[in-house]
Amino acid sequence: MTFESIIFRSNKAIDEIDHKNELFEDLSLKIIFKGILGNTNNQDFEEVLYKPLDSIEDILYRQQIFNDLRSPQIFNAIKQFSETSSTIFYNIGKLGDLYNLQRERWLLDSVYIYCNALKHLYNELNEPSIVSEGLIGIREYIGQYMESKEFKSLEDETRELEMDLSSIKYMMTIKGVKITVRKDQESDNYATEVEKIFSKFLDGDIVDSGKNLKYGFGHVEAALVELVSSLYPKQFNRLKEFYRRRLNFLEPTIARFMHEIDFYLKYLKYIEPMEENGLSFCIPQIQQDPQRMYCIDFFDVALAKKLADHKRIPVLNSIMADQDSRIIIVTGPNNGGKTTFARAFGQAHYLALLGFPIPGKNASILKVDRIYSHFEKSEVPENAIGRLEEELERMHYILDNATGKSLIIVNEMLSSTTLKDGIEIGKNIIGKIREKGSLCLYVTFIHELAELPGTRSYVSQVDKKNPEMRTYRILPTKSDGMAYAKALAEKYGVTYEMLRRRIS
């Protein structure tokens, strides 16, 4: 049995990125992480989100599991097992708050649930469509564990003790404030009939305490059970001994799986409203050095999640790059969706490094070793250096550390300098990025940068009939800075031809 983890393919240590790294704010990743984690304060899962995987094999390990979970049968089996696991963990955590006999019975019932859940999951995972190394690995591990003496002994003892306790019958007589309990093997059991009569006064379903546990055991019930235990010392002594020996009944690797599988379900739950709203998530092809990179119909996940609450979807865009044009220059009018486009491109790559399905219908992307972001920051009055110097220092750090496998996302840099200086500085930055061989998406107001060698030009579009209206579409087209100005001039009747006709 060699299975270790459903999240990590091996025990190889993975470096965690500093949570304060500007990347997580720039790309709205912190918002996405918060949405994935929900209201749970799960530090283990949060750490995983800050640990992008550094090998394609590790990424594929998670991707294949997500692919298997697309099967409704497999997804439902895993979801049911996860919910059962949460119940077991909750019950174990509550043992210290219970009365002695209640604590002992809760543990017995938790073991009963655990054994049945494993058998059910194993049967459901015996599905030929499963191809992921992770789910095949845990299936084989559970199968071998269920064949072990340890499990068989646990299951047999649990079943026998359950039957032993179920055979107990007693009669309770209440007279005033006095309660008398005695053995009774002959009277009928009116529990079902009483429950049926009083069910109309209950908010929820009646709970079978033998299989599904419930919290809320008062001192009166505790005293009554103590009285019953004195009538049946043999059975309750066995229960006490069971508790002592089986308190740590969870097999460690299976317990880890019970906890970790929720990692996948949380992400699928997070993207579910977006998929129901008509958006697509895909398993991207991850390649070491692809000849062509593309993302089709991708979008900003944080924005899409927000819009999904109002049954709206963001504008979808596509992007493509190749070996000869690894630097994508994005220009166009203000408020045209350029920053959202850049953010979405970065999100897709980071989520891909986590092994997650990414936004879009189809994608083939570079396995990047690091993502660097350089977004425009508000000037801080207390800062001893100027805005331009601060921007150049940040860019200098990126250029010193980036490699030919890195992704660099630059958004609206050099707006604080003159156009002439901006062009020269921008050319130098693009030149150094090209020397590095890094993949880069560069949002800028400087159209001249889109004409540099090794670049591919994308331009945010406006409505041709109403140029003041942004379409938020970003298309691969030549950037000359004139199309938007010409459309506005035509709208307000101030083109050269129009003015000339007026004068004449």
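1. Two rings of Phe, Tyr or Trp are counted as a pair if their centres lie within 6.5 Å. By this criterion the structure, which is a predicted model, holds 21 aromatic pairs.

2. Tyr 267 and Phe 356 form a stacked pair, with 4.0 Å from centre to centre and 15° between the planes. Tyr 267 belongs to helix H13, residues 262-276. Phe 356 is found in the loop between helix H15 (338-353) and strand E8 (358-359). The two residues are 89 apart in sequence, so their pairing ties together separate parts of the chain. Tyr 267 is buried, at a relative accessible area of 0%, and Phe 356 is likewise buried at 0%.

3. A second pair joins Phe 298 and Phe 341. The ring centres are 5.4 Å apart and the planes stand at 50°, so this pair is classed as tilted. The reasoning rests on two cut-offs: planes under 30 degrees apart count as stacked and those over 60 as edge-to-face, so an angle between these limits is tilted. Phe 298 lies in strand E5 (residues 292-298) and Phe 341 in helix H15, so the contact links parts that are 43 residues apart in sequence. Phe 298 has a relative accessibility of 2% and counts as buried; Phe 341, also at 2%, counts as buried too.

4. Tyr 267 and Phe 356 are members of one aromatic cluster, together with Phe 45, Phe 66, Phe 263, Tyr 264 and Tyr 270.

5. The charged end of Arg 62 sits over the ring of Phe 8, at 5.2 Å from the ring centre.

6. With strand E7 (residues 327-331), E13 pairs in the parallel sense over five bridges. Within this pairing, Thr 455 of E13 is the bridge partner of Ile 327.

7. E13 has a further pairing, with strand E14 (residues 470-476). Here the sense is antiparallel, and the two strands are joined over four bridges. Val 462 stands opposite Arg 470 in E14.

Terms used. Residues are numbered from 1 along each chain as its sequence is written. This is a predicted model: local features need pLDDT of at least 70, side-chain atom pairs count only at pLDDT 80 or more; totals for chains, interfaces and linings use all residues. Side-chain values use heavy atoms; hydrogens and water are left out. Rings of Phe, Tyr and Trp (its six-membered ring) pair if their centres lie within 6.5 Å; planes under 30 degrees apart count as stacked, over 60 as edge-to-face and the rest as tilted. Buried means under 20% relative accessible area, exposed over 50%, partly exposed in between (1.4 Å probe, protein chains only). A charge sits over a ring if NZ of Lys or CZ of Arg is within 6 Å of the ring centre and within 35 degrees of the ring normal. Two strands pair if DSSP finds at least two bridges between them.
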